[in-house]
Amino acid sequence: MKIRMERIKSKPTDAVLTGVGYDLHRLESGNGIVLCGVKISSDKSFVAHSDGDVPIHALMDAILSALGENDIGHFFPTDDDRYKKADSCALLLEVLNIAKTKGYMLNNISVSIIAQEPTLSPYIDEFKERLSKVTKISRAKIGISATTNEGIGDIGDGNAIASFAAVTLVRIKNDKNDALSEK
Ligand SMILES: [Zn+2]
């Protein structure tokens, strides 16, 4: 699952970076969906090259955006068989590694999921728990909201699920980075 490090752009030096990301996947009849790394029983599945974990994809794009990098399609191309049915949490770890390489760590996460069904409110705590485990940030720094699309459009018809994510990253304080900022 090694990403191409030569694709990473130059390092920013700001103390705090913010980023926003968005993703949507269509649904087809199937045997369950994965959101925030949590398996949810459903008679539908995502149409996706990976596991289709929409909020994780939005989160990865938010982190890459904060870093001034290209989006996840650039790092995890859909024509690359290594990412077929990939666990998106493993891809998220790769993105966090890119942040670390550039001298940043995740500070907080804010995610909004738009799904007509299933009702996601019973899963929010589990989503936070899983995201906290994967990202190693405390649950207190993870905000997740879920809403329906009021029955409007493809999302409202239950044919797709979308997600927005926003993040802040903070600079990791170490001698190497401090030397960098003095240049
Ligand atoms: Zn996606």
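From the N terminus on, the elements of the protein chain follow the order β-β-β-β-α-α-α-β-α-β-α-β-α. That gives 6 helices and 7 strands. The model is predicted.

**Overall dimensions**
- The C-alpha trace of the protein chain spans about 55 × 35 × 25 Å along its principal axes.
- The radius of gyration of the protein chain is 17 Å, which agrees with the value near 16 Å that a compact globule of 183 residues would have.

**Burial and contacts**
- Of the 183 residues in the protein chain, 39% are buried.
- Among contacts in the protein chain with a separation of 6 or more, 75% are between residues 24 or more positions apart.

**Packing of helices H1 and H3**
- Helix H1 covers residues 54–66 and helix H3 covers residues 88–101; their axes come within 10 Å and cross at roughly 10 degrees.
- Angles under 35 degrees count as roughly parallel, and the crossing therefore makes H1 roughly parallel to H3.
- On the H1 side, the contact is made by Ile56, His57, Leu59, Met60, Ile63 and Leu64.
- On the H3 side, Ser88, Cys89, Leu91, Leu92, Val95 and Ala99 take part in the contact.
- Sorted by class, the contact of H1 with H3 has 10 nonpolar residues, 2 polar residues and no charged residues.

Methods:
Residues are numbered from 1 along each chain as its sequence is written. This is a predicted model: local features need pLDDT of at least 70, side-chain atom pairs count only at pLDDT 80 or more; totals for chains, interfaces and linings use all residues. Axes are lines fitted to C-alpha atoms, for helices over the stretch in contact, and angles run from 0 to 180 degrees between N-to-C directions. Helices (H or I, at least four residues) and strands (E, at least two) are DSSP runs, numbered from the N terminus. Angles under 35 degrees count as roughly parallel, over 145 as roughly antiparallel, 65 to 115 as roughly perpendicular and the rest as oblique. Two residues are in contact if their C-beta atoms, placed from the backbone, lie within 7 Å. Ala, Val, Leu, Ile, Met, Phe, Trp, Tyr, Cys and Pro count as nonpolar, Asp, Glu, Lys and Arg as charged, and the others, Gly among them, as polar. The radius of gyration is taken over C-alpha atoms; the globule rule is 2.2 Å times the number of residues to the power 0.38. A residue is buried if 20 or more other C-beta atoms lie within 10 Å of its own, exposed if 12 or fewer, and partly exposed in between; C-beta atoms are placed from the backbone.
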